[in-house]
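Hi,

Here is the structure I promised to pass on. Please have a look at it first, and then read on for what turned up in it.

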Amino acid sequence: VEGKKIAEILPAGGTYTGEEVYDMEGKTVLPGLFNCHEHLYFAKNKFDFLHSFTPYDHLSHSINFGQQLLSYGFTTVKDCGSINDTATHLRDLIKEGVVQGPNILSSGPSYSPFFENQKLLDIYSSVDIEGHRTPVTNVDMIKAAVEERFAKGADFIKLCGSSAKKTIKKPEDALGQCLFSLEEVQAFVDNCARLGSYVTMHSTCAESHEIAIEAGVHTLDHGIYLSQENVDKMKAKGVTNLVPTLAVSYVGFKEGWPTYDAC
């Protein structure tokens, strides 16, 4: 290849003038890895950091984390929720050659209704650069919400489908509050399909799993407390893919988070 044109076609194998040759004896060559669920702006996995961060902090941490992942061999990263569309902006900067990093698929901020665990609201709700929250609470809002998210450059839509119950009486209550109805999730799925995209859903209880699978979300992420009935239905329908995020469960187990020993 000379410049952007094919100058000559040569037989496969062998070496040719001007080629750089690497001795790979004793090494393994891998294709680029895909990280199927990430939040590039997370810092040290501590939620408290996120609430004091400026947009500059979010972007700088995302650049740093993206470059770390690239050095580990991840050439594509699916970012499943970032404040201020940080991952979307970083994706475009990488494409333009301004900074180095992996290919990014970005959802922008996640969608959810308001829910009890306010500490996580900035992460799991649609938030603009001034901190205004725009929860999606009914089917009538969904078409416009989906169109707005894609107009801002999202590659797919991320839903937060579950959270902690208001009253924790047993361990699974810490993850067991379903936030969307089947009708609402179905509306997200249908509107994404209309625009040639798909839905990823944070889901951590059997009820939200059932809704995600029935509605036909593309990926069900985390899947904590996935039941055998959920698995059977997922297999029978053949639409929804599980992204188990086992690293999160491992960290949760090691740090004694409630429910994560079940993973």
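Which residue lies over the face of F156? The answer is K78, at 4.7 Å from the ring centre. Please keep in mind that this is a predicted model.

F156 lies in the loop between helix 5 (139–151) and strand 4, while Y198 lies in the loop between helix 6 (182–194) and strand 7, so the pair ties together parts that are 42 residues apart in sequence. Y198, with a relative accessible area of 23%, is partly exposed.

A search of the whole structure gives 3 aromatic pairs. Elsewhere, Y111, F180 and F188 make up one aromatic cluster.

Now to the strands. Strand 1 (residues 33–38) and strand 2 (residues 74–79) run parallel and are joined by 4 bridges. Within this pairing, L33 stands opposite F74 of strand 2. Strand 2 also pairs with strand 3 (residues 103–106), again in the parallel sense and over 4 bridges. Here D79 has S106 in strand 3 as its bridge partner. To get from strand 2 to strand 3, the chain passes through helix 3 (residues 86–95), and this β-α-β crossover is right-handed.

There is also an open sheet of 4 strands, in the order 4-7-8-9, with parallel pairing. Its edge strands are strand 4 (157–160) and strand 9 (241–243), each of which pairs on one side only. On average, neighbouring strands of this sheet are turned by 25° against each other, direction ignored.

At one end of that order, strand 8 (residues 219–222) pairs with strand 9 in the parallel sense over 3 bridges, and D221 stands opposite V243 in strand 9. Helix 7 (residues 206–215) packs on the sheet, where it touches strand 7 (199–203) and strand 8. The direction of helix 7 makes about 170° with that of strand 7.

Terms used: Residues numbered from 1 in each chain as written. Predicted model: local features only at pLDDT ≥ 70, side-chain atom pairs only at ≥ 80, totals over all residues. Heavy atoms only, no water. Pairing = 2+ DSSP bridges. Helix = DSSP H or I, 4+ residues; strand = E, 2+ residues; numbered from the N terminus. Right-handed = clockwise from strand over helix to strand, strands pointing away. Axes fitted to C-alpha atoms, helices over the stretch in contact; angles between N-to-C directions. Contact = heavy atoms within 4.5 Å. Phe/Tyr/Trp six-rings, centres within 6.5 Å; stacked < 30°, edge-to-face > 60°. Buried < 20%, exposed > 50% of the residue type's maximum accessible area, 1.4 Å probe, protein only. Lys NZ or Arg CZ within 6 Å of the ring centre and 35° of its normal.
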